[in-house]
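Here's a quick briefing on the fold you're about to see. Have a look at the model, then read on.

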Amino acid sequence: MPEDETPQVTGWSFLLKSFFRSGKKLKEHKCFHALNDISFTVKKGESLGIIGLNGSGKSTLLQIISGTMQPSKGSVTLNGKVAALLELGSGFNPDFTGKENVIINGKILGLTESEIKSKLQKIQNFAEIGDFFNQPVSRYSTGMVLRLAFAVLVQVNPKILIIDEALAVGDARFQLKCFSFLEEFKNKGGTLILVSHDLNSIARLCSHSILLNEGSLLASGKPIEVINEYSKILSMDENSNETNAENKSSLNRAQILETETSKEFSYGGGEAKINDLKLINNQNKETNVLKSGEEFSVSYIVEAKENIHSPIYAMTIKDAKGQQVYGQNTHFAKVQVDDLDKGARIQVDFRQRSNLGSGDYFISVGVTCLRGENLQVLHRRYDALEIKVINTDGSFGIANCYSKVEVKDISVASLENLHLNKSWKAMATKY
């Protein structure tokens, strides 16, 4: 693909006229919209993360982009060689060996027979499945299927790589191997489209993200912003029940899209409200800048608008990519709290050290309570405080472990000198 060409995906409206669920066919002529009026562009070298609840249309979208499914309306434009890892093992014949499947998939992905032959050993080495490489795939575990499928993608050298939830399977060591490959792929100018429920993976790997909800494009932007919107949907979904499940969608989506004046977003506040949120440094001054390792407090006031039994107070810290780096609440910390009477005002203080690497961080707070087995959100404020952490010890990374470094000379000459010194001291003591 010429360097000036831009891989892009343009919009479509996808319509399934009938489908089956639990063996029952929908009423005749009733249409199900899997995707509706989705439109976006992914430029060369960008990485797009797609998030949303189950059934929001994520996998359907990837199948259309990769060409395994055709939209009933609209079009998709792609510039560049595409490789996709969609439904796990969907491209493998269980009766064939791993090696035979690699050869077949390699040809499907555009490799010549000589290219496949030259890459077989590299694929086997990357997959790390040993002798199973020459055994039928039907004998593989789920993790082994993933290893082999991903190993093939590594050797295809595509311009556009599409992955659907594949990083959620496999041990930590193999996941690290996959992340390293994807980072290298991006650094070389490859275009990545990733679907995952692991928001940390989206935040870590993607430069842009979109949120799908009920087949529609609900939000688009930086991963941290889109993850925040997704968190709203998750929270509303957790608080829903069977009696209001059918009616919650239009109301919640209106609430979700409601414009807020600040960078934070919040929900709840009817039964309790969080006010006067502050960050206090170790000199008891309000600030938004901390030194790495400095002790600090997150303080806020909770006003009870109703009687509340066994409230739970919480605080979390996220980095600029949306990854949660720390969280705590009074329930997990086993802190005794009193019930709140209507009209009560309670001050909550979380005190800890900022053992963080230099960078920008966001603090969220909340008050909840348990009602039966369900967690009821009373008021949550996401990204309510933005802070900057700086360090003076030259360390780097996402955390500061405050290493104490010792350097010792253990060469032969040094040890002999140490031995002579000990002997001399012994003689001096004796005489």
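What share of the 431 residues in the protein chain is buried? Buried residues come to 41%, where buried means under 20% relative accessible area with a 1.4 Å probe, protein chains only. Keep in mind that this is a predicted model, with local features needing pLDDT of at least 70, side-chain atom pairs counting only at pLDDT 80 or more, and totals for chains, interfaces and linings using all residues. Residues are numbered from 1 along each chain as its sequence is written, and side-chain values use heavy atoms, leaving out hydrogens and water.

**Overall layout**
- The protein chain has 9 helices and 19 strands, taken as DSSP runs (helices H or I, at least four residues; strands E, at least two) numbered from the N terminus.
- Of the contacts (heavy atoms within 4.5 Å) between residues at least 6 apart in sequence, 71% join residues at least 24 apart.

**Helix H2**
- In H2 (residues 98–108), Gly-98, Asn-101, Val-102, Asn-105 and Gly-106 are buried.
- These residues sit on the same side of H2 because they cover an arc of only 135° around the axis, using directions from the helix axis to the C-beta atoms.
- Their cover includes helix H3 (113–127) and helix H4 (142–156).
- After H2 comes Gly-110, with a positive phi near 100°.

Note on methods: Buried means under 20% relative accessible area, exposed over 50%, partly exposed in between (1.4 Å probe, protein chains only).
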